[in-house]
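Have a look around first, and then we will start with some questions.

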Amino acid sequence: MILIQIAMLLGFALILLGLYGALTNRDIIRMIVSFTIADTGVNVVLVSVGYLTGREAPILDTIPVADAAARITDPVPQALVLTAIVIGLGVTALMLAYAYRLFRARGSLDISDYTELKW
Amino acid sequence: MTFLTLMAAVLALATLGAALIALLTRSTVVAVLAAGLVSLFASVLFLILAAPDVAMTEAAIGSGLTTFLFFFVLGRLRREGAKPQGTKMEGSK
Amino acid sequence: MTTRTAIPLVLLALLGTAFFTLFAGYVPDAELNRTAAYYANQTVAETGAQNVVTAIIVTYRGLDTLGEVTVLFLTAAIVGLVLAHSKAPKGRSGSGFLPSGELLTTGTRMLVPVILLFGAYVFVNGHLTPGGGFQGGAIVASGLLLMLLADPAERFSHGLISRIESSAGLTYVILGLLGMILAGGFLDNRILPLGTFGSILSAGAIPLIYILIGLKVGAEFSSILTSLEETEDAE
């Protein structure tokens, strides 16, 4: 019970911290670092939602098949998060590649140097 | 059970500390390393939450490969910034 | 200046309130919900895999996984495309790292085969133990990363990487279509016998599909890493 609460609070705190960093930093690389922290936070929240107190990992090597449903945690969020982590790496790589292109074009990574969309 | 809860609490505090370091430090390199540390602590937490598959993925991808992606780009930026063009370098101060 | 610091804080306070409501109203389940209970009860009978997460990723939600590796492939392609026109200036080949020492070079030569073997072990055993194609692919890519670190000037054959990647993807889709013809539906693993529960040659096509996913993911990660690291000399 309390374990779920700790993990969930940590996840929410990481999301908020990451978004705060992404909103306030001026350096694009630092914004991307903050996004990866928020990404980790989302994954922690999802896994903690799937955890059932006192149950074991969804691998049936020591658990008899008959009472699997009573002894394993929810495997669906875990499969979901596995996907999310892999896609997260792809998103980070894309953001870094675009940041590098911006640097090549302007010679700066400070967000206040990019004013085309400012009104 | 209580031991696991205690360990999770310690891990959560360590993760929060690493995240704060990543946000507050002045050096980008330290921020990238601290973000990798956040992922590593989170992967131990996944293990406590009975998700070994996710823990493996997070440790290998989240804290391993992502950190190196950042370092490759920082290395590129540093070399470009060192070009004698008067371009200013914000990426890795 | 004050509005500039105030706006993010207000936004985050709103989001924090939403999170707090979610957190305060959350009651953990005592039992598995119906979908999860179905997976827990039927996985062994229907797929023969020990690892329920693997069974979900490869069989029950196999189409999602196909979509995911496609997204990853697109990411690798776009990263390569974006960086292709930004070759580094002449005479600055290799990465920003200094040439590595004797220790790293020798260590790499000894470690890389072991790392590749471990990656293969992880994705071959995906249906029995924690791990699988994604983790194994990441481990294979980290072996390649070590080679990049040991010799920054080393050039990998993009042709080989993309050939591994595309043939693995093609075989993956063909296996899925075979499932439609020979068994219950797209990516059904029962095109091969389920075998004895718990042995390495069991769970039908799951090990085969996960090996293909591992090769594909490893090739995609390697291509992202090399195109971010490499600074191919202009022309």
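Q: What is the accessible surface of chain C, and how much of it belongs to carbon and sulfur atoms?
A: In this predicted model, the accessible surface of chain C comes to about 11400 Å². Carbon and sulfur atoms hold 70% of that surface.

Q: Why is M180(C) called exposed?
A: The label "exposed" asks for a relative accessible area over 50%. M180(C) has 51%, so it is exposed. You can find M180(C) in helix 7 (residues 158-182) of chain C.

Q: Which nonpolar patch does M180(C) belong to?
A: M180(C) is one of the residues in a surface patch with L170(C), V173(C), I174(C), L177(C), L178(C), I181(C) and L182(C). Together they have about 760 Å² of accessible area.

Q: How many helices and strands does chain C have?
A: Chain C has 8 helices and 0 strands. Reading from the N terminus, the order is α-α-α-α-α-α-α-α.

Q: How do you know that chain A and chain B touch, and how many residues are in contact?
A: Contact calls for heavy atoms within 4.5 Å. By that rule, 47 residues of chain A are in contact with 51 residues of chain B. The two chains bury about 4100 Å² between them, with 80% of it on carbon and sulfur atoms. L3(A), R30(A) and Y100(A) supply 15% of the area that chain A buries against chain B, more than any other three residues.

Q: What is the count of salt bridges between chain A and chain B?
A: The count is 0. Polar contact, however, is found for 5 residue pairs across this interface.

Technical notes. Residues are numbered from 1 along each chain as its sequence is written. Chains are lettered from A and ligands numbered from 1 in the order in which they are written. This is a predicted model: local features need pLDDT of at least 70, side-chain atom pairs count only at pLDDT 80 or more; totals for chains, interfaces and linings use all residues. Side-chain values use heavy atoms; hydrogens and water are left out. Patches are made of residues with over 30% relative accessible area and no salt bridge: like charges are joined within 9 Å, nonpolar side chains (Val, Leu, Ile, Met, Phe, Trp, Tyr) within 5 Å. Accessible areas come from the Shrake-Rupley method with a 1.4 Å probe; for residues, only the protein chains shown count as cover. A salt bridge is a side-chain nitrogen of Lys or Arg within 4 Å of a carboxyl oxygen of Asp or Glu. Helices (H or I, at least four residues) and strands (E, at least two) are DSSP runs, numbered from the N terminus. Buried means under 20% relative accessible area, exposed over 50%, partly exposed in between (1.4 Å probe, protein chains only). Buried area is the accessible area (1.4 Å probe) that two parts lose on being put together, summed over both. A polar contact is a pair of N or O atoms within 3.5 Å; within protein, one must be able to donate a hydrogen and the other to accept it, and residues adjacent in sequence count only if both atoms are side-chain atoms.
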